Amino acid sequence: MDEWIRQAESWVGQAEGWIRQQPPEQIYVAAAVVAITILLLITVSCLKSSKPNTIVLSGLSGGGKTTLFYQLRDGSAHQGTVTSMEENNDTFVLHSEQEKKGKVKPVHIVDVPGHARLKPKLDEVLPKAAGVVFVVDAQDFLSSMQAAAEYLYDILTKATVVKKKVPVLIFCNKTDKVTAHSKEFIKKQLEKEINKLRESRTAISSADISDEVQLGVPGESFNFSQCLNRVTVAEGAGSTGNVSAVEEFIREHVKA
Amino acid sequence: MLEELLIFTRGGLILWALSGGGAQASPVDALIRSGLLEERPADGAGFSLDGKRALNWAFDNGLGLVFVAVYRRVLRLLYVDDLLAAVRAEFARVYNPKRTSYDGFGDVFRQLHLEAQARADEMNKFKQAPIKPRPPSPVPVPLSHNDVPKVPGDDGGNDGESQQGGSDGESGKEENSGDPEPKDGGAFNLGILHRLRIKVIPTKDINNVNGNKNNNKGRKKNKEKEGTHRKLDFSDPVDGGKVTDHVVVKKGVQGQSQVDTDENVGDGPKAEGWFSSVFQSIAGGNTVIGKSDLQPTLKALKDRLMTKKVAEEIAEKLCESVAASLEGKKLGSFTSISSTVQAAMEEAILRILTPGRSIDILRDVYAAKERERPYVIVFVGVNGVGKSTNLAKVAYWLLQHDLSVTLAACDTFRSGAVEQLRTHARRLQIPIFEKGYERDPAVVAKQAIQEATRTKSDVVLVDTAGRMQDNEPLMRALSKLINVNSPDLVVFVGEALVGNDAVDQLTQFNQKLADLSAVPAARLIDGILLSKFDTVDDKVGAALSMVYVSGAPIMFVGCGQSYTDLKKLNVKSIVNTLLK
């Protein structure tokens, strides 16, 4: 140990001597260059991180998120999809905007699997989200109403979502089918279910670390307008290409 | 022949379909939800939920693709595994992450299909020739004469019986044993049936042990046949562990999602390996992970898991499935194998422990309230795990949410059980329904529920007697209680101190509940309550074993003996504790 200390000291002495030998201007220039580079890096990183441009597609399994993802990217759902086991993550220019002249900013869209066991993946992605699209199956709504409301409740009560006021679009998918419900009906049902959830959802004890934020106004029944972040409802159909509502949402919240 | 062969990415996009865009994705969807997401060992086979179709699947971990073949189960196509492997190899050459349509692959596939069929036919012919002269020689004469012509029927009969009687024979090798009638010409079927029978024998012994009715004659015949045809047995040795088979089998048939806990691969950087691992991590841009690379890390992780009291077979299976999922994957730059394996294991355990469905009891109680029925919860478990204590804790919690609770004392066996519950009821000031001792618990429960409906109680908590999982009459009684009363929730109380026995307890409970129920749609364990959690400091492996084996989520954790010591499971902290 002592030997190393002595060696280190001798090196330091040598380095000092060497530095003293250099002409002073060179040292000043070198120091300035280093300082400027550091400043540049800091400013660039600051600018980059302030504007997240990720849109998250979430929703229950079978809602049509992956179809929607490919519609936005390629304009067609190709040969169909199966239940996703992993997320689809890509940065691209929206297919409908590809013909636009001029510089169009690509958007980063993440399609998170809806299966209940893969919920943790959603938690990873939400902090970076600039907007959340919650895809609801309008055709098969009634059987999955409770689960959909629970999922939506989880999203709306995440601390990151509330603090950054992340806007949420509830997209009623599959409206091209005859038996699909209207978006007003879906909105009302979701509000009712979330209201019920509000009452029953309290952690048994502090061991359950949850980001829970109290939704809505106590004493009044829940309404989406009570959320601090903007929640809007739209409808469309992923498989036919009727996704203009989503595209508008994206363009609104990811500055082109 | 093949109904469908799908090639899709792990993200869900179908890249190529044999039926050319036919919307036959529903058995595949069900497969993904129940099977693949549980990280079953790669490349396997099983049945669809309705039992009519068989599915074979293969993974390509390097490219993140899944290959699934669907065909009608009665056809018993044997070349499918071979075909899938060939398709995987070919497709890997054509695959480009940017491309989304692979129309040219259709011709390639047809070629591969023909080749695979030809190979399978050749193998059959090769096996058929030696089989025919064999039966008369080593086997005693009278039996052999009966054996030869009856083989197809008997085998079919025995196989059929064992199929139905046993637990859902779903493991891949057994898939062909279910059909008694030979399809085409006799020669072809004889060959297949012999081969299949031989494969089925080892697992059939398990079925026999579990008390399926096989006529003794059949059993003797099989044993002798096995001796003569051992040389011709080309099947893979069935891996040991009868319980293993049952676990695999159960998953498929019930359609339950089993949380396959991926075993954590332990990262164990040893001193001498440090330099090479550092070097590899710096230069490791493009190395493909091979099986031998994974072995040391996997072994270390498995040992670590076992020190945290995860049951040995669960640890083993987890390690295997993580290895299967990582084999062939490209190592990311600046990451070492141990960290990749650790990450994979962490993700796998997280996936297993995350509940597959909602465990919000309060909401279900409110839903039942709207329907003007009490919500019935039954607590089951072996002796001394803490059913009555935790039942009281749950009652306390429900009371705090302004729900009216009734207790039902259906432990009519153990002396003092009714008094114990009476004391709890008095302290919590809630009504208790009891009929004393030596009564039929099922009847007591029924009357309790009727009383609760009459008094408009919101929840009924039913306490049952502790029973060992291999005690047949008691398990029968429990099954009767559950089937007669159709509770809303069946909670298995398991203590966190249990080690390897958790696996046996849960499998046996589920199996007995399934076997001994009079109705076809048997109720199984819906949730787990992990008791005595405060007694284990960091040896929390029992949680993992239980969830893995039964697929039921952990709804509550009991961590003390007073009324307030009831918690929800914090999945992240368990994962961290297990992997520390």
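In the predicted model, strand S5 of chain A, spanning residues 168–173, is mostly covered, with 6 of its 6 residues buried. The burial applies to both faces of S5(A). On one side lie Val168(A), Ile170(A) and Cys172(A), and on the other Leu169(A), Phe171(A) and Asn173(A); all of these residues are buried. In a regular strand, side chains alternate between the two faces of the sheet.

S5(A) is paired with strands S4 and S6 of chain A. Strand S4, residues 129–137, runs parallel to S5(A) and is joined to it by 6 bridges. Strand S6, residues 231–235, is likewise parallel to S5(A), and 5 bridges connect the two. Phe171(A) illustrates both pairings: Val135(A) stands opposite Phe171(A), while in S6(A) the bridge partner of Phe171(A) is Ala234(A).

Two helices of chain A, H1 (2–21) and H2 (24–50), each contribute at least two residues to the patch. Tyr28(A) belongs to helix H2 of chain A. Tyr28(A) is classed as exposed because its relative accessibility is 62%, above the 50% cut-off for that class. The residues of S5(A), by contrast, are buried, with under 20% relative accessible area.

Note on methods. Residues numbered from 1 in each chain as written. Chains lettered and ligands numbered in written order. Predicted model: local features only at pLDDT ≥ 70, side-chain atom pairs only at ≥ 80, totals over all residues. Heavy atoms only, no water. Helix = DSSP H or I, 4+ residues; strand = E, 2+ residues; numbered from the N terminus. Buried < 20%, exposed > 50% of the residue type's maximum accessible area, 1.4 Å probe, protein only. Pairing = 2+ DSSP bridges.
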